[in-house]
Amino acid sequence: MKSERVAAIVGVAESDLGETPGKTVLQLQAQAAKAALEDAGLTKDDVDAVFTAGNWAWSPPMMLAEYLGIRPRFTDGTNIGGSSFEAHVGHAVAGLRAGLFDVALVTYGSTQRSDRSRRRPPASPQLTAQFELPYGLPTPVGAYALAAMRHMHQYGTTSEQLAEIAVATRKWAMLNEKAMMREPITIEDVLRSRWIAEPLHLLDCCLVTDGGGAVVIASARKAPLAAKRPVWVLGHGETHTHNTIVNMPDLTVTGARESGRRAFEMAGVTHDELDVVEIYDSFTITVLLTLEALGFCKPGEGGAFVSGQRTAPGGDFPMNTNGGGLSYCHPGMYGIFLLIEAVRQLRGECGPRQVPGARLALVHGTGGVLSSTATVILGRD
Amino acid sequence: MPNPWPKPEVDGDSRPFWEGLHQGELRIQRCEDCGRHIFYPRSICPHCFSDRVRWVLATGRGRIYSYTVVHRAQGPFAEEAPYVVAIVELEEGVRMMSRIVGPREEVAIEKPVRVVFTRVDDELILPFFEVLKEG
Ligand SMILES: [Zn+2]
């Protein structure tokens, strides 16, 4: 660890998760923000930067800041899908390094599960979407299915290997009382669950839940004043390689190759120094592609890497320790929950699912249709 | 027809493409400066940033880069499933999303395909593809 100390995560919290009928996205974010600031031992008046991502208003940060009664001196509404919040961490570090603010509040909220009964108009086939929407690819799952099929063709990856990820992640969820799905599953269960888009089965896919989260990031000056020991941002990187799945340069290689390399270089750490990793699991294939692109194994070796329940509790590669988007919660853009879990692991707050002595964590978000990636490496003193 | 097929919003970039389908032509673009083909159509070359892009006819032949069999479809496609959506790589080197029509068991990655102009309703013709017999 040679990275300088510029920014630390000092507060994290979820809102209510799962199904939250009657709640709004603003209520969920207010609830999470209040809890995260309490966790940090800071107040609303300490916050001078607001970060959020969503499509529930024409300017989500303005609506949210007004609702919370915050007049920020710095605002970032970057929305690159589920990895937005890992990107926000990187942007916050840049702003803190420049001395533009002292305390950033990052929030997310979604009521997508409760909204399911409402009829939404289908997306309009305009601009570049006109070359994809008429063909009926279900989004996003169909795009991830295309990537999985290509990976299987190129490397012989199997459905059993993808199922290993779902089964291991469920085992972590069984240790997390906040997780939505806590019944054990087997590889057979995954393979016997119904097809959504071949080669992905129902149990290869993330949950659809409501929920919100918040993360408080403080400057090196402010962090020591927080209630808990700081979790330092040691490195970060981000990119996006395409918007629509047809334009992904190689369906088996994600932008994690670049965002991860930059994060590792900045942090000055190596893969085998990491104690715990939290990797966006919108689908099982997302994890497998990310492990390869981040360099935990070679291209094509992701299937072998996750075999034998290696990422499960007790395995030698603890991953997605809250139960992930596959079994804990997934309110649309899940990236903020990866940060929350990594911070709790590094603080030693995770009870039965605690990775003993965790000091270094990697968090990796993936957004869109494997479109955007953002990697964050966190550590404690 | 309670669920009409989603209609592309034809614009200044895409009009020649959609009009070509009604004449049995698969039109793509080629950059006059770097010589590379471009799809989807746009006003500037994403390779060399030249604005000298020109419409050309594609041969309509290519191969399947990847595909999926959609079992759980959304909106207007819900009752149509299962069906095959693919990314086709044309001979000219560009990729496009499409459907593969014909027998399911013939569909595989790298299989050669050719375009089939398919009228899906009164207004819309889409460039679907079918697997070519080998040999
Ligand atoms: Zn060019």
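Which residues are buried in helix 3 of chain A? In this predicted model, the buried residues of helix 3 of chain A are S84(A), F85(A), E86(A), A87(A), H88(A), V89(A), G90(A), A92(A), V93(A), G95(A) and L96(A). That makes 11 of the 14 residues of the helix, so helix 3 of chain A is largely enclosed by the rest of the structure. The helix covers residues 84-97 and reaches 20 Å from its first C-alpha to its last, which is close to the 20 Å expected at 1.5 Å a residue. After helix 3 of chain A comes G99(A), whose phi is positive, near 75 degrees.

Spanning residues 159-173, helix 5 has 15 residues, and the distance from its first C-alpha to its last is 21 Å, close to the 21 Å expected at 1.5 Å a residue. Because 13 of these 15 residues are buried, helix 5 of chain A is largely enclosed by the rest of the structure.

Further along chain A, the UniProt record, an unreviewed entry, carries the annotation "domain: Thiolase C-terminal" for residues 237-380. In the model this span of chain A is 32% helix and 17% strand, with its end C-alpha atoms 19 Å apart. Helix 11 of chain A, made of residues 335-347, contains E341(A), and this glutamate counts as buried because its relative accessibility is 2%. The C-alpha atom of E341(A) is separated by 14 Å from that of S327(A), a residue 14 places away along the chain.

The cysteines can be considered next. A disulfide is a covalent bond between the sulfur atoms of two cysteines. Over all chains the count of disulfides comes to 0, and C329(A) illustrates the point, since the nearest cysteine sulfur, belonging to C206(A), is 10 Å away, whereas the cut-off for a disulfide is 2.5 Å. C329(A) has 0% relative accessibility and therefore counts as buried; C45(B), at 0% relative accessibility, likewise counts as buried.

The aromatic residues lead from chain A to chain B. A pair of aromatic rings is described by the distance of the centres and the angle of the planes. The structure holds 20 aromatic pairs over all chains, and one of them joins F131(A) to W18(B) in a stacked arrangement, with 6.0 Å from centre to centre and 10 degrees between the planes. This pair crosses between the chains, from F131(A), in the loop between strand 4 (103-110) and helix 4 (141-155) of chain A, to W18(B), in helix 1 (residues 15-21) of chain B. F131(A) and W18(B) are both buried, and they belong to one aromatic cluster together with F17(B), F39(B) and Y40(B). The ring of Y40(B) also has the charged end of R42(B) sitting over it, 3.9 Å from the ring centre. Elsewhere in chain B, the charged end of R99(B) sits over the ring of Y83(B), at 3.8 Å from its centre.

Chain B also contains an open sheet of 3 strands, arranged in the order 2-1-3 with antiparallel pairing. Strand 2 (37-38) and strand 3 (53-57) of chain B stand at the edges, and because each has a single partner strand, one side of each is left without a neighbour in the sheet. Strand 1 of chain B, residues 27-31, pairs with strand 3 of chain B in the antiparallel sense over 5 bridges, and within strand 3 it is R54(B) that stands opposite R30(B).

For residues 55-118 of chain B, the UniProt record, again an unreviewed entry, lists "domain: ChsH2 C-terminal OB-fold". This span is 0% helix and 55% strand, and its end C-alpha atoms lie 22 Å apart.

Strand 8 of chain B, residues 125-131, has two pairings to follow. Strands pair through backbone hydrogen bonds, either parallel or antiparallel. Strand 7 (residues 112-119) of chain B runs antiparallel to strand 8 and is joined to it by 7 bridges, with L126(B) in strand 8 as the bridge partner of T118(B); a hairpin of 5 residues connects strand 7 of chain B to strand 8 of chain B. Strand 6 (residues 95-101) of chain B runs parallel to strand 8 and is joined to it by 2 bridges, and here V101(B) stands opposite E130(B). Of the 7 residues of strand 8 of chain B, 6 are buried, so this strand is largely enclosed by the rest of the structure.

How values were computed
Residues numbered from 1 in each chain as written. Chains lettered and ligands numbered in written order. Predicted model: local features only at pLDDT ≥ 70, side-chain atom pairs only at ≥ 80, totals over all residues. Heavy atoms only, no water. Phe/Tyr/Trp six-rings, centres within 6.5 Å; stacked < 30°, edge-to-face > 60°. Helix = DSSP H or I, 4+ residues; strand = E, 2+ residues; numbered from the N terminus. Buried < 20%, exposed > 50% of the residue type's maximum accessible area, 1.4 Å probe, protein only. Lys NZ or Arg CZ within 6 Å of the ring centre and 35° of its normal. Pairing = 2+ DSSP bridges. Expected span 1.5 Å × (residues − 1). UniProt positions renumbered as here; feature names shortened; annotations may be inferred.
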